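Hi,

Here is the structure I promised to pass on. Have a look first, and my notes on it follow below.

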Amino acid sequence: MKDQQVLSTELAVPLRLLRGVASNHKKFYMYQRRQIGKKRRLLRIPTGPLREIQQTIKKKLLDPMPLPPSMHGWRRKRSPKTYSREHVAQQVVVNADIQNFFPSVGAGRVYGFWVEAGYDPGAAKLLTLLTTLDNQLPQGSPTSQSLGNQILRGLETRLAGLANQHDLNLGIYGDEVALSGRRRTARLKGLVLKIIEQEGFAANPGKIKVMPRDQRQELTGVVVNKKSSPGRATYRELRAVLHNCIRFGLESQNRQANPKFKEHLQGRIAQLQYLNPRLGHQLLADFQLIQWPESDRRGGPNATR
């Protein structure tokens, strides 16, 4: 097994620095509340040498680790479109969210992952201190999403077995799970929830859906009844936000004073534009009419350097 000295060599970071930052890791975090989607979340954002070390851990240790093709969230070259594509034109789609995913992944579970990855107890403890805070995966950390995907591999393996047994399509997008197939897929809802619980998670009771073909089937804002397309509600809500920014000013929509509100809108427009270029172009035209503060006027969804 790899010890702390091997870990230091892998990261090209002096062991003394790793130990020093790990022993005082809490002082390198700042707490910030931000609006993410429809929820206001507490982010734990690493700073200084801890952030640099986490970025190195992500690049050198986590990114090279393989992931199954059914996992689409928090990874390059994957998106809501690739996630939803496997579930287009299916008779039934079963969809569930894991409740409070990042807070539910404790330090003990992360330590166990590092041991399974080949590190001895000393190195695994060091890596755990460097990648967790307050006994959870900190939202805002460069390593949390990649670690989250690796932690979810056990769940993916069991759901993939279920999907193969019943000839279903499986997709996982971050903390969201979807299975689709023939009408009997609906009967497996209880078993899917049981597997999620047995893997140490809890399904969000308000986000468990069984969607037959004669109803609206929507995953991550993408309607999959006939082909991948943005949901009307998603498009209308985003268009309303842009129009209100134009008419009433940014403060009318950026109520939480998110310093990255412009980037947030850019990301949402880019996602919709990827699914439907025509609607995305319309939203882009609205975006360009917004009066931004002087410091934000450079750039945009189609900015060139």
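Leu11 is buried, with a relative accessible area of 2% (buried means under 20%, exposed over 50% and partly exposed in between, using a 1.4 Å probe and protein chains only). Bear in mind that this is a predicted model, where local features need pLDDT of at least 70 and side-chain atom pairs count only at pLDDT 80 or more, while totals for chains, interfaces and linings use all residues. Residues are numbered from 1 along each chain as its sequence is written, and side-chain values use heavy atoms, with hydrogens and water left out.

You'll find Leu11 in helix 1 (residues 4-11); helices (H or I, at least four residues) and strands (E, at least two) are DSSP runs, numbered from the N terminus. Leaving out residues up to four places away in sequence, Leu11 touches Leu18, Thr56, Ile57, Lys60 and Leu61, where contact means heavy atoms within 4.5 Å. Ile57 sits 46 residues from Leu11 along the chain, yet their C-alpha atoms are separated by 6.8 Å.

Now the helix pair. The axes of helix 1 and helix 2 (residues 15-23) come within 9 Å and cross at roughly 105° (axes are lines fitted to C-alpha atoms, for helices over the stretch in contact, with angles from 0 to 180 degrees between N-to-C directions). The two helices are therefore roughly perpendicular to each other; that label covers 65 to 115 degrees, with under 35 being roughly parallel, over 145 roughly antiparallel and the rest oblique. Helix 1 brings Gln4, Gln5, Ser8 and Leu11 to the contact, and helix 2 brings Leu15, Leu18 and Arg19.

In the loop between these helices is Ala12. Its phi is near 60°, a positive value in a residue other than glycine, and Ala12 is exposed, at 58% relative accessible area.

Asn100 also isn't a glycine but has a positive phi, of about 50°. Asn100 lies in the loop between strand 3 (92-97) and helix 5 (101-104) and counts as partly exposed at 48%.

What about Ser79, buried or exposed? Ser79 counts as buried, at 14% relative accessibility. The loop between helix 3 (48-62) and helix 4 (80-85) holds Ser79, and His72, Tyr173 and Tyr274 are in contact with it, leaving aside neighbours within four places in sequence.

One last thing to look up: Lys262 lies over the face of Trp292, 5.4 Å from the ring centre (the rule asks for NZ of Lys or CZ of Arg within 6 Å of the ring centre and within 35 degrees of the ring normal).

Cheers
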